Amino acid sequence: MYTFSSKLKTLSFILMAVGILGIGYGFYTAPKDIQEVEALLASESHGGHGEAKHEVSAEAGAAHDATESHNVAAADKKVEDSKVVMPVETDTAKVMNETTVAPVEVISKINREKHVVNAEEEHAEHLNHVLHQLQNKPWAAFYVACIFFMLVSLGVLAFYAIQQVAQAGWSPVLFRVMQGITSYLPVGSVIFFIILLLSGFHFNHLFVWLDPAVVAADKLIANKAGYLNFPFWIIRAAIFLIGWNLYQYYSRKNCLAQDEANDNLNYKKNFNISAIFLVFFIVTESIMSWDWIMSIDPHWFSTLFGWYVFSSFFVSGITVIALVTLYLKSKGLLEHVNTSHIHDLAKFMFGFSIFWTYLWFSQFVLIWYANIPEEVTYFITRIEIYNLPFFTAVAMNFIFPLLILINTDFKRITWVLVMAGVVMLLGHYLDFFLMIMPGTVGDRWFIGVSEIASILFFLGLFIFVVFTALTKSPLLPKRNPFIDESKHFHY
Amino acid sequence: MSNKVIYAIYNDDDILMDAVKQTRAAHHHIEEVFTPFPVHGLDKAMGLAPTRLAICAFLYGCVGLSFATWMMNYIMIEDWPQDIGGKPSFSYIENMPAFVPIMFELTVFFAAHLMVITFYMRSRLWPFKQAENPDVRTTDDHFLMEVAVRDNEEELISFFQSTGAVEVKVIDKH
């Protein structure tokens with residue numbers, strides 16, 4: 001049995017406390033209304049960059065004035081022309097003349113006023129836009145970290161189910177580690193579901209299509225309302241989360257029952273529910289990626305998005321298995337786990353990093369190559385506004401593991417694996433950051449207090465839940481039919 | 001001095017592995033082992049150095065990647081940068097996504113083919129090569145260990161008979 005080391009427990013509490021403080025600070029400093037945003041933008045424009053912007057807008061304003069006066073002149077000229085054409089002698093004509101002249105002047109005045117109003121409206125609209133982005137920032141930071149950690153444990157659950165169904169001979173010694181990690185899933189699901197509910201009750205603007213005013217003004221979104229509407233969306237979410245958690249619960253229960261049993265009935269049950277789960281998982285995973293990530297940008301769509309999201313959290317899940325295994329091994333708690341098991345996990349990390357890159361590139365290159373405006377804006381935003389994180393994610397998730405984990409000997413060295421694993425996890429966090437942030441905060445992104453605090457909070461919670469769960473059952477399954485093979489596995 | 005070798009023939013890979021370990025422990029020099037199929041762990045038991053073929057393949061892959069990059073940069077960007085369907089041919093990086101499939105394939109092509117050719121050259125395999133088979137049964141169901149004889153012929157014969165060999169022969173090699 002594993003006992004939760006008090007140091008690690010303290011660390012997890014500190015992480016959660018620091019995280020909560022940071023998250024609170026993020027929400028506290030988010031602007032409350034338009035005035036604050038105006039003050040913020042004014043203070044921003046004092047910098048050199050802002051001044052340049054100012055000049056440009058002043059110039060644009062001047063140009064606008066010029067065209068406006070030109071329009072007025074043209075209108076006057078027209079009036080003069082009409083004068084010439086009209087019969088001058090008659091009184092009625094004079095009257096008509098006066099009447100025609102007057103409205104033109106009025107119109108131009110109205111135009112001028114309207115223009116001022118338009119500029120003001122535009123400014124207000126801009127402020128409102130920035131306000132939404134800034135108010136979204138702490139929410140989005142929380143959302144990214146929440147969905148990332150929840151999906152990591154879901155990725156481990158999928159890996160675990162595959163190992164069961166494939167009757168893998170090497171992994172049963174790691175089953176309890178995987179069950180420990182997936183025990184985060186119920187906790188993460190509850191928090192995540194609460195965020196979805198809060199979004200539905202308009203506490204934030206993470207999903208624009210949840211705002212009825214936006215839907216009314218946007219035909220494209222309105223056309224998707226049959227799918228993207230709050231009740232259907234939240235019911236889907238509930239079904240998915242409940243389905244995954246049921247598998248998590250029963251598969252662990254059966255695995256523990258198998259330890260005490262005299263036959264393999266529980267093992268067979270686990271085999272069956274794992275196979276059913278995998279079918280359920282691949283359908284729900286795909287829909288989940290549309291609902292929770294792709295609908296952040298409701299104008300955009302991509303067919304391989306579900307697979308892409310899957311590859312990202314699946315490789316993160318395998319990395320977490322490797323890191324937790326290495327930690328427990330370093331404490332001397334996993335006597336039957338040898339470097340060959342570690343080597344296998346490292347191969348999976350390597351292989352699925354390449355798989356992620358393959359899907360990332362496939363999605364990118366197809367859209368880049370065809371360059372259809374309705375699709376390509378997705379990447380234009382990311383490359384122009386998120387240039388550094390966008391390409392850093394590829395370096396961290398592809399080039400780094402490619403060069404490090406390609407070597408057979410390196411795959412058995414603990415510190416190399418820990419380093420590669422940490423870089424890959426950060427890289428995949430960045431990947432989720434890039435999926436969600438451009439649609440919620442746009443060019444107002446920054447990896448600051450809100451983002452880091454959210455990661456720390458969920459990291460602390462993850463460590464606490466996972467290692468608490470690990471203390472609840474022995475780290476070696478007793479009567480798994482493949483456990484002996486797994487103990488003697490070597491490669 | 002005549003060039004004598006001992007052929008110790010076995011009919012089971014487990015017995016062969018044990019024999020190899022005993023021979024190594026007794027410090028007899030194993031010239032070669034012939035088997036009809038790969039015996040897992042035999043190279044380790046014989047103390048053979050690990051292969052460096054994978055390192056070769058990695059370097060060949062780098063060559064392939066460089067070749068693809070150079071070729072397409074020269075053709076598409078430097079030599080005749082046409083506008084083909086609006087693709088940006090101003091610099092290599094701007095049009096790189098379109099080149100990636102070729103870069104990938106050439107990397108794999110170079111890595112795979114040059115590694116295979118390296119393997120053939122290092123293991124001296126080619127068409128019309130004279131087979132170096134000491135005993136035809138080793139391609140079917142027998143295992144043969146070849147050990148050099150100095151002046152300890154009698155000792156070696158009794159040693160190999162004790163390791164479970166089904167046949168021990170002394171051969172004058174050329």
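This is a predicted model: local features need pLDDT of at least 70, side-chain atom pairs count only at pLDDT 80 or more; totals for chains, interfaces and linings use all residues.
**Ground rules.** Residues count from 1 along each chain as its sequence is written, while chains are lettered from A and ligands numbered from 1 in the order in which they are written. I kept in mind that local features need pLDDT of at least 70 and side-chain atom pairs pLDDT 80 or more, that totals for chains, interfaces and linings use all residues, and that side-chain values use heavy atoms, with hydrogens and water left out.

**Chain A, overview.** I looked up the secondary structure and got 17 helices and zero strands; both come from DSSP runs numbered from the N terminus (helices H or I, at least four residues; strands E, at least two). Of its 491 residues, 48% are buried, where buried means under 20% relative accessible area, exposed over 50%, and partly exposed in between (1.4 Å probe, protein chains only). I then checked contacts, meaning heavy atoms within 4.5 Å. Among those in chain A with a separation of 6 or more, 82% join residues 24 or more positions apart. The accessible surface is about 23,700 Å², and carbon and sulfur atoms hold 67% of that. Areas are Shrake-Rupley values with a 1.4 Å probe; for residues, only the protein chains shown count as cover.

**N254(A).** I found this one in helix α9 (residues 230-260) of chain A. N254(A) counts as buried because its relative accessibility is 10%. Leaving out residues up to four places away in sequence, N254(A) touches N266(A), K269(A), N270(A) and I273(A).

**Salt bridges.** One pair I opened is R382(A) with D297(A), at 3.7 Å from N to O. R382(A) is in helix α13 (residues 373-385) and D297(A) in the loop between α10 (265-292) and α11 (305-330), 85 residues apart. R382(A) is buried at 3%, and D297(A) is buried too at 15%.

**Around R137(B).** Which residue is 2.8 Å from R137(B), closest N to O? That is D135(B), which is buried at 10%, whereas R137(B) is partly exposed at 27%. R137(B) also bridges to E167(B), with the closest N and O atoms 3.1 Å apart. E167(B) sits in strand β4 (residues 167-172) and R137(B) in the loop between α4 (96-122) and β3 (143-148), so this pair ties together parts 30 residues apart in sequence. Shared partners join D135(B), R137(B), E167(B) and K169(B) into one network.

**Chain B, layout.** The domain assignment (bounds automatic or from a database) gives domain 1 (4-36 + 141-172) and domain 2 (52-123). Their centres are 49 Å apart over C-alpha atoms. The unreviewed UniProt entry puts "transmembrane region" at residues 53-76 and 96-120; such annotations may be inferred rather than shown by experiment. In the model, 53-76 is 100% helix with its end C-alpha atoms 34 Å apart, and 96-120 is 100% helix with 35 Å between its ends.

**Nonpolar patch.** I399(A), L403(A), I406(A), I55(B), F58(B) and L59(B) form a surface patch with about 550 Å² of accessible area together. Patch members need over 30% relative accessible area and no salt bridge; like charges are joined within 9 Å, nonpolar side chains (Val, Leu, Ile, Met, Phe, Trp, Tyr) within 5 Å. α14 (387-405) of chain A and α3 (53-79) of chain B each give two or more residues, and α3(B) gives the most, with three. I399(A), in α14, is partly exposed at 41%.

Definitions and conventions: A salt bridge is a side-chain nitrogen of Lys or Arg within 4 Å of a carboxyl oxygen of Asp or Glu.
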